[in-house]
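Here is a short briefing on one protein chain. Look over the sequence and the fold, then read the points below.

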Amino acid sequence: MTKTSAVTIAKVAARAADSKKADNVQVLKMPEVMVEAEYFVICSASTHVQLRVIVDEVIAALQQEGVELLRQEGGPGNSWILLDYGAVIVHAFLEEDRHYYALERLWADAQPVAWHA
């Protein structure tokens with residue numbers, strides 16, 4: 001069995017989120033100083049239901065690729081759900097919380113990665 005690369009995991013996660021109409025899906029290659037993860041996938045939804053559907057789709061898509069979810073923070077009713085895949089961290093937000101935490105601004109030195117098929 002071959003190990004799936006971090007960039008592939010990030011792109012699969014982004015496409016899965018997009019397939020469930022996630023808003024403003026971004027993949028960021030994290031700077032070298034960010035040792036915990038190589039990539040962030042950031043997306044948002046307008047409702048808790050949509051957020052749950054997006055998260056479920058990301059988990060299912062990566063499971064199909066043989067990529068195991070290491071940890072999940074947040075669940076139904078939360079406005080920020082984090083999926084930890086080791087080198088890739090998926091952040092799914094409700095729109096308001098995404099603007100509040102502004103991860104893209106916080107990690108402004110991260111490189112955007114094209115993820116569309």
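The accessible surface of the protein comes to about 6,600 Å². Carbon and sulfur atoms account for 52% of that surface. Keep in mind that this is a predicted model.

**Surface and charge**
- Of the 117 residues in the protein, 45% are buried.
- The protein carries 10 positive and 16 negative charges.

**Overall build**
- The protein has four helices and six strands.
- Their order along the sequence is α-β-β-α-β-β-β-α-α-β.
- The C-alpha trace spans about 35 × 30 × 25 Å along its principal axes.
- The radius of gyration is 13 Å, which agrees with the value near 13 Å for a compact globule of 117 residues.
- Take the contacts between residues at least 6 apart in sequence: 61% of them join residues at least 24 apart.

**Strand S2**
- Strand S2 covers residues 39-45, and seven of its seven residues are buried, so S2 is largely enclosed by the rest of the structure.
- In a regular strand, side chains alternate between the two faces of the sheet.
- Tyr39, Val41, Cys43 and Ala45 point one way from S2. Phe40, Ile42 and Ser44 point the other way.

**Neighbours of S2**
- Strand S1 (residues 23-29) runs antiparallel to S2, and five bridges join the two. Val27 has Val41 in S2 as its bridge partner.
- Strand S5 (residues 88-94) pairs with S2 in the parallel sense, over seven bridges. Here Ser44 stands opposite Phe93 in S5.

How values were computed:
Residues numbered from 1 in each chain as written. Predicted model: local features only at pLDDT ≥ 70, side-chain atom pairs only at ≥ 80, totals over all residues. Heavy atoms only, no water. Rg over C-alpha atoms; globule rule 2.2 N^0.38 Å. Buried < 20%, exposed > 50% of the residue type's maximum accessible area, 1.4 Å probe, protein only. Contact = heavy atoms within 4.5 Å. Areas by Shrake-Rupley, 256 points an atom, 1.4 Å probe, with all protein chains shown as cover. Lys, Arg positive; Asp, Glu negative; His and termini not counted. Charge placed at Lys NZ, Arg CZ, Asp CG, Glu CD. Pairing = 2+ DSSP bridges.
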